Amino acid sequence: MKKIAMLAFVLILSMTGAVACADKTDNNDNNNNNNNNVTTDSAIDTPTAKWKDGTYTGEVSAADEKGWKEMATVTISGDKITSVQLNSVNTDTAKGNKLDLSKSGEYKMVEQGGAMAPWHDQVKALEDYVVANQGLDVTTNAEGKTDAISGTTISVTGFEQAIDNALSKAK
């Protein structure tokens, strides 16, 4: 009796293995046939980069009433903004640029204008925001100021235009 049970068990195992192998072969044949009908297009499979790697500069189209003109240098790597340098340069070259004037204490926004932080610290907060958010798309008031960037009370609209101009060159 044990021999018959063992023989039946071996027979069932053999049949199960044969059926499993037959199914596997059929699936492979179907997969091979399906692969012959598949068309690939690398333009569909590979996403297009938004920006080209490099360093790009942009500026506002015109200086403000005091002669200041916002400028941006934006570095792109791996389709991401990796760094931003912002400055404002005067059309009267003898007046220099706000970044240097602020760092040297000559641009007195805090002392004379009542600002909460020096111009260079506010610009640094703006630069950090642009890198973290991969651009500058904020709501501004009539003066061009925004509440979206902590520590920044300066007008950002000129910088937004300069950054956009730089990024347009990266496309």
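The protein exposes about 11,500 Å², and carbon and sulfur atoms supply 53% of that area. Accessible areas were computed by the Shrake-Rupley method with a 1.4 Å probe; for residues, only the protein chains shown count as cover. The model is predicted: local features need pLDDT of at least 70, side-chain atom pairs count only at pLDDT 80 or more, and totals for chains, interfaces and linings use all residues. Residues are numbered from 1 along each chain as its sequence is written, and side-chain values use heavy atoms, with hydrogens and water left out.

Of the 171 residues, 28% count as buried. Buried denotes under 20% relative accessible area, exposed over 50%, and partly exposed the range in between (1.4 Å probe, protein chains only). Six helices and three strands make up the secondary structure. Their order from the N terminus is α-α-β-β-β-α-α-α-α. Helices (H or I, at least four residues) and strands (E, at least two) are DSSP runs, numbered from the N terminus.

Two salt bridges were found in a search of the whole structure. The criterion is a side-chain nitrogen of Lys or Arg within 4 Å of a carboxyl oxygen of Asp or Glu. One of the pairs is E59 with K69, at 3.0 Å from N to O. This pair links distant parts of the chain, ten residues apart. E59 belongs to strand β1 (residues 54–59), and K69 to strand β2 (residues 68–77). E59 has a relative accessible area of 34% and is partly exposed.

A salt bridge also joins D128 to K124, with the closest N and O atoms 2.7 Å apart. Both residues lie in helix α5 (residues 119–133). They are four residues apart, about one turn of the helix. D128 is partly exposed, at 40% relative accessibility. K124 is partly exposed as well, at 45%.

The loop between α5 and α6 (157–169) contains A148. A148 is partly exposed, with a relative accessibility of 43%. Leaving aside neighbours within four places in sequence, A148 is in contact with Y129 and V138. A148 and V138 are ten residues apart along the chain, and their C-alpha atoms are separated by 6.5 Å.

Terms used
Contact means heavy atoms within 4.5 Å.
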